[in-house]
Amino acid sequence: MRKSVILVAGAAAILSGCAGKSLDRARPDEFAVARQAPLVIPPDYALVPPQPGAARPQDVSTQAQTLEALFGGTAPRSAAESAVVEEAGGDTVENGIRSSVGDPQTNVVNKGTTTRDIVAAPAADGADAKATAQ
């Protein structure tokens, strides 16, 4: 009996620690730790209000953004790239050369009958295609 009284008293002492408010303490508010400064517009008297309908100076055209994304801006050419362009005659290229290349009247190099047959073949799903080994 004495052991059971000691056991009950010990359990009550241990459990009494859980009943206190020590586990339910108030925590600091993380948003109230530092005060935020109020928004202030600095005085700049050189600014002029924008004109209605005028283009925004920070806006860039979509074409310029595309060129920037594709080619990375105006970076200087390396020595190897400059040599290749000079060897290929890069300074003597006609403007609009890509338009004249696609023209059917443009003379091209004869690449043989096989290439001509492939280019002249009708567009199909390949059901009529035949291959022969020689």
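**Exercise 1. Locate Phe71 and decide whether Phe71 is buried or exposed.**

Step 1: Phe71 sits in helix H2, which spans residues 62–71. Helices here are DSSP runs of H or I with at least four residues, strands are runs of E with at least two, and both are numbered from the N terminus. Residue numbers start from 1 along each chain as its sequence is written, and side-chain values use heavy atoms, with hydrogens and water left out. Please keep in mind that this is a predicted model, where local features need pLDDT of at least 70, side-chain atom pairs count only at pLDDT 80 or more, and totals for chains, interfaces and linings use all residues.

Step 2: Buried means under 20% relative accessible area, exposed over 50%, and partly exposed in between (1.4 Å probe, protein chains only). With a relative accessible area of 61%, Phe71 is exposed.

**Exercise 2. Find out how many residues of H2 are buried, then do likewise for H3.**

Step 1: H2 has 10 residues and the number buried is zero, so this helix lies largely in the open.

Step 2: Helix H3 covers residues 79–87; zero of its nine residues are buried, so H3 lies largely in the open. Just after H3 comes Gly89, whose phi is positive, at about 80°.

**Exercise 3. Describe the protein chain as a whole.**

Step 1: Count the elements: the chain has five helices and zero strands. Their order from the N terminus is α-α-α-α-α.

Step 2: Look at burial: of the 134 residues, 1% are buried.

**Exercise 4. Work out where confidence is lowest and where it is highest.**

Step 1: The chain averages 75, and 81% of the residues score at least 70.

Step 2: Helix H4 (residues 97–101) has the lowest confidence, with a mean of 72, while H3 has the highest, at 88.

Step 3: Where pLDDT is low, predicted coordinates should not be read in detail.

Note on methods:
pLDDT = per-residue confidence, 0-100.
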